[in-house]
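User: I would like to learn how to read a helix and its surroundings in a model. Please take me through one case.

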Amino acid sequence: MKTTKRLILTLALILAPLMMVAAQGAAGQKIAIVDSQNLLTSMPEAKAMQTELDALMKKYEDTLVKLREELNSKYQAYIAEQDTLLETIKVRREQELEDLAKRIEELGRVAQEDIQKKQMELFAPIQTKLRDAINKVGEENGYTYIMDATSILYLNNASAIDATAQVRAKLGI
């Protein structure tokens, strides 16, 4: 019995300072959240990026529509004439249709790659600007952590600060 009491007392004396240090550390941490999606959609650069991407997509779509119309027109002409065509001409027309279909498919693939590449190119500086603003707000306000509001699984509103407005002010939006 005496050894058990002594062991508990020893453990209490060892653990008490550790628990106090941990409590002080946790109490000294300032945690903030930021709604980065909301900020991104509010940034004029993001809106300009979307406008530029929409214009690029429209150019590709217009070209693809013209090529599809051409393919459809040539196919309809081929169907109408196929019974009267010589075999060599028939084979050549079929090859033209296949080649045009392949061009359309290739253009669709290239368009998708180009749009994705352009999106990454345009988004990088926007992302950097947002990250820099978040970092400045964190440094200026002494936050230990700033987390994105969209990926937090649990939030006790009493212990976290919403820094979205502060970052918005840093971005000038």
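User: Which elements cover the buried residues of α5?

Analyst: In this predicted model, the cover over the buried residues of α5 includes β1 (31-34), α2 (36-42), α4 (87-141) and β3 (160-162).

User: Which residues of α5 are the buried ones?

Analyst: Helix α5 spans residues 164-171, and its buried residues are T164, V167 and L171. Viewed down the axis of α5, these buried residues lie within an arc of 65°, so they line one face of the helix. A165 and A169 are exposed on the other side of α5. Just after the helix, G172 has a positive phi of about 75°.

User: What does L171 touch, apart from its neighbours within four places in sequence?

Analyst: With those neighbours left aside, L171 is in contact with M43, K129, L130 and A133.

User: How should I read a nonpolar core, and which residues touch the most other members here?

Analyst: The general idea is that in soluble globular proteins, nonpolar side chains tend to be buried together. In this case the largest nonpolar core has 26 residues, and those touching the most other members are V34, M43, I126, L130, A163, V167 and L171. Two or more residues of this core come from each of β1, α2, α3 (44-81), α4 and α5. Helix α4 gives the largest share, 11 residues.

User: Now the sheet. In what order do the strands lie, and is the pairing parallel or antiparallel?

Analyst: The sheet is open, its three strands run in the order β2-β1-β3, and the pairing is parallel. At the edges stand β2 (145-148) and β3, each with a single partner strand, so one side of each has no neighbour in the sheet. On average, neighbouring strands of this sheet are turned by 35° against each other, direction ignored.

User: How many bridges join β1 and β3?

Analyst: β1 and β3 pair over three bridges, in the parallel sense.

User: What part of the contacts joins residues 24 or more positions apart?

Analyst: Among contacts with a separation of 6 or more, such residues account for 84%.

User: And how much of the protein is buried?

Analyst: Of its 173 residues, 20% are buried; here that means under 20% relative accessible area. The protein exposes about 12700 Å², with 58% of this supplied by carbon and sulfur atoms.

Notes: Residues numbered from 1 in each chain as written. Predicted model: local features only at pLDDT ≥ 70, side-chain atom pairs only at ≥ 80, totals over all residues. Heavy atoms only, no water. Buried < 20%, exposed > 50% of the residue type's maximum accessible area, 1.4 Å probe, protein only. Contact = heavy atoms within 4.5 Å. Areas by Shrake-Rupley, 256 points an atom, 1.4 Å probe, with all protein chains shown as cover. Helix = DSSP H or I, 4+ residues; strand = E, 2+ residues; numbered from the N terminus. Arc of directions from axis to C-beta. Core = buried A, V, L, I, M, F, W, Y, C linked by side-chain atoms within 4.5 Å. Pairing = 2+ DSSP bridges. Axes fitted to C-alpha atoms, helices over the stretch in contact; angles between N-to-C directions.
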